[in-house]
Amino acid sequence: MRARRAALRTASSVLKLIASTTSPYARKVRIALAEKKIEYQVTAAAPWDPGNPVHAYNPLGKLPVLILDDGTHLYDSRVIVEYIDLVSPVSRLIPEPARQRIAVKKWEALADGVCDATAAIVVERRRPAHLQSDEWIDRQRRKIREGVAELSRELGDRAWCHAESYSLADIATGCALGYLDLRHAEFDWREPYPNLERLADKLGKRASFAETAP
């Protein structure tokens, strides 16, 4: 009980988030913070910007990073979201039963994988034209196509990604689809996958999604 109260005190403090405002991983964290009604301050940064403070908190130089009030720093959006869900009892995003928990985390892994492939194309296209690899880009595009197809197949006719309620699975999926619109707009996922379109439209009406749209 004492540990639980200490965790809740941490959650009630103002946390600091170092993040890129266009990052789908940071958006996932920001949506989770909003859904859990946890206050935080955000410092906008990009990993490749000169003077980026992230290396002081994450030796991998990757964003987002969440800094707790005791100076502890957490990195990797999956770790951060899990922490956020544990310290506040409001609106649980990850189910406690083991099988359901694994199912939601699997959704998150798939959605994050679509984001990884999309981001890889963005990075490759920033290289000089003569150094860009069409083969590499095609490999990422295949991951996107097959990943989105699997998201649609798993969703089926359900209202939410997992079971009968809103969860981290929906947040991760919505962030992935939003990032595709931002960075890979030529990929039309709406027409072939109307169930994903319905989900995205519904998520877009939530304040947590509307307020974090890149």
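**View 1. Helix α6 is the top contributor to the lining of the second largest pocket, giving five residues.** Helices here are DSSP runs (H or I, at least four residues), numbered from the N terminus. This is a predicted model, so local features need pLDDT of at least 70 and side-chain atom pairs count only at 80 or more, while totals for chains, interfaces and linings use all residues. Residues are numbered from 1 along each chain, and side-chain values use heavy atoms, without hydrogens or water. The pocket holds about 210 Å³. Among its 16 lining residues, R27, G174, L177, G178 and D181 sit nearest the centre. (A pocket is an open set of points on a 1 Å grid where a 1.4 Å probe fits, with protein on both sides within 12 Å along at least five of seven lines; lining residues have an atom within 4 Å of a point.)

**View 2. Helices α6 (residues 168-183) and α7 (residues 194-204) pack at about 100°, axes 10 Å apart.** That makes the pair roughly perpendicular, a label for angles of 65 to 115 degrees; axes are lines fitted to C-alpha atoms over the stretch in contact, and angles run from 0 to 180 degrees between N-to-C directions. On the α6 side, D170, T173, G174 and L177 meet L196, L199, A200 and L203 of α7, with contact meaning heavy atoms within 4.5 Å.

**View 3. The largest pocket has a volume of about 610 Å³, the space filled by probe spheres set on the points.** S23, Y25, K62, L63 and A119 are the closest to its centre, out of 25 lining residues. Helix α4 supplies the largest share, five residues.

Notes. Helix = DSSP H or I, 4+ residues; strand = E, 2+ residues; numbered from the N terminus. Parallel < 35°, antiparallel > 145°, perpendicular 65-115°, else oblique.
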